[in-house]
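Please keep the sequence and the structure in view while reading.

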Amino acid sequence: MAPPQSFSLPLLLFGRILALTVSALLLYWAFVVYSRHSFEHSLIYAARHPLLMVIGFILVSGEAILVHRWLPCSRNGKKLAHLGLQGVALSCGVFGVWTIFHVRKGIMGNFLSLHSWLGLICISLFAAQWLMGFLSFWYRGEMRTVRASRLPWHIFLGLYTYTLAVATAETGLMEKLTFREMRRLSDSTASKRSPETMVANGLGLGLALLAGVVILAAISPKHQTTLQRKSVYSESNSKC
């Protein structure tokens, strides 16, 4: 099994560093910033929501996208790891959406903002994408030509849903910062700078950079495939 191409190695390493940075900032936000409030039942569920949606949903799904780049095993092994990681991400996303209903009661009360509607669309697309991937690329009932014709759509929808998940997280951060700004304007003694603002800005920048790294690594050509195509092209020319 050939190792990842030299272009992908620093890119994957940089992606790991960004993922760890985002995780550290999010954990600080959840366990330090939230701890300054009274740990009521609703606040505990509110802290679980960003943890599940960012670490469990976005970071794990990003790792599932890159599993074809670094996992040293057979093609079926990579497909199984990809399917399993995406299933974990989907479970975390569904549970993360469920936790927010413990903060605000009622269905319509939780779907009043752009963040909530983007989240609902993202989870729905992700579930449909996971089911499509299972039926088309893991279940052996379909012909190989059918699976090959669906592969470009599977890749496009996967990257689109991942980008939409990052955009949804960014709008959630904007909501938090907007609420904090409204509290600051109503309180003249409040500080203009706070750990919440700095951590939220750091999270937003980290997620934006991470999305670029994941998408670039996913669409970059594979070194091994390129060499094989050159070899086949050379052999065909020599036979002619």
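## A charged pair

R16 counts as partly exposed at 28% relative accessibility, where partly exposed covers the range between buried, under 20% relative accessible area, and exposed, over 50%, with a 1.4 Å probe and protein chains only. Its partner in a salt bridge is E63, and the closest N and O atoms of the two are 2.9 Å apart. The pair links distant parts of the chain, since E63 belongs to helix α2 and R16 to helix α1 (residues 8–33), 47 residues apart. E63 is partly exposed as well, with a relative accessible area of 23%.

A salt bridge here is a side-chain nitrogen of Lys or Arg within 4 Å of a carboxyl oxygen of Asp or Glu, and by this rule the count comes to 1. Side chains of opposite charge can pair when their charged atoms come close.

## How the model is read

This is a predicted model, in which local features need pLDDT of at least 70 and side-chain atom pairs count only at pLDDT 80 or more, while totals for chains, interfaces and linings use all residues. Residues are numbered from 1 along each chain as its sequence is written, and side-chain values use heavy atoms, with hydrogens and water left out.

## The overall fold

The protein has 7 helices and 0 strands, where helices (H or I, at least four residues) and strands (E, at least two) are DSSP runs numbered from the N terminus. Buried residues make up 38% of the 240 residues. Among contacts (heavy atoms within 4.5 Å) between residues at least 6 apart in sequence, 76% join residues at least 24 apart.

UniProt, in an unreviewed entry, places the feature "transmembrane region" at six stretches that include residues 51–71 and 151–169; such annotations may be inferred rather than shown by experiment. Over residues 51–71 the chain is 95% helix and 0% strand, with end C-alpha atoms 26 Å apart, and over residues 151–169 it is 100% helix and 0% strand, with end C-alpha atoms 27 Å apart.

## An enclosed space

How many cavities of 30 Å³ or more are there? The count comes to 1, where a cavity is a set of points, on a 1 Å grid over the protein atoms alone, at which a 1.4 Å probe fits but cannot get out, and lining residues have an atom within 4 Å of a point.

Residues of the lining include F57, S61, Q86, F126 and Y162. Helices α2 (41–70), α4 (114–138) and α5 (144–186) each supply at least two lining residues, and α5 gives the most, with 4. By class the lining has 5 nonpolar, 5 polar and no charged residues, where Ala, Val, Leu, Ile, Met, Phe, Trp, Tyr, Cys and Pro count as nonpolar, Asp, Glu, Lys and Arg as charged, and the others, Gly among them, as polar.

## Two buried leucines

L90 has its place in helix α3 (residues 75–100) and is buried, with a relative accessible area of 15%. Leaving aside neighbours within four places in sequence, L90 is in contact with F57, I123, F126, A127 and W130.

L59 lies in helix α2 and is buried at 13% relative accessible area. Beyond neighbours within four places in sequence, the contacts of L59 are with A19, S23, V54 and L210. The C-alpha atoms of L59 and L210 are separated by 9.0 Å, although these residues are 151 residues apart along the chain.

Key: 1 Å grid on protein atoms, 1.4 Å probe; cavity = no way out; pocket = protein on both sides within 12 Å on 5 of 7 lines; lining within 4 Å. Points joined across faces, edges and corners; volume = space filled by probe spheres on them.
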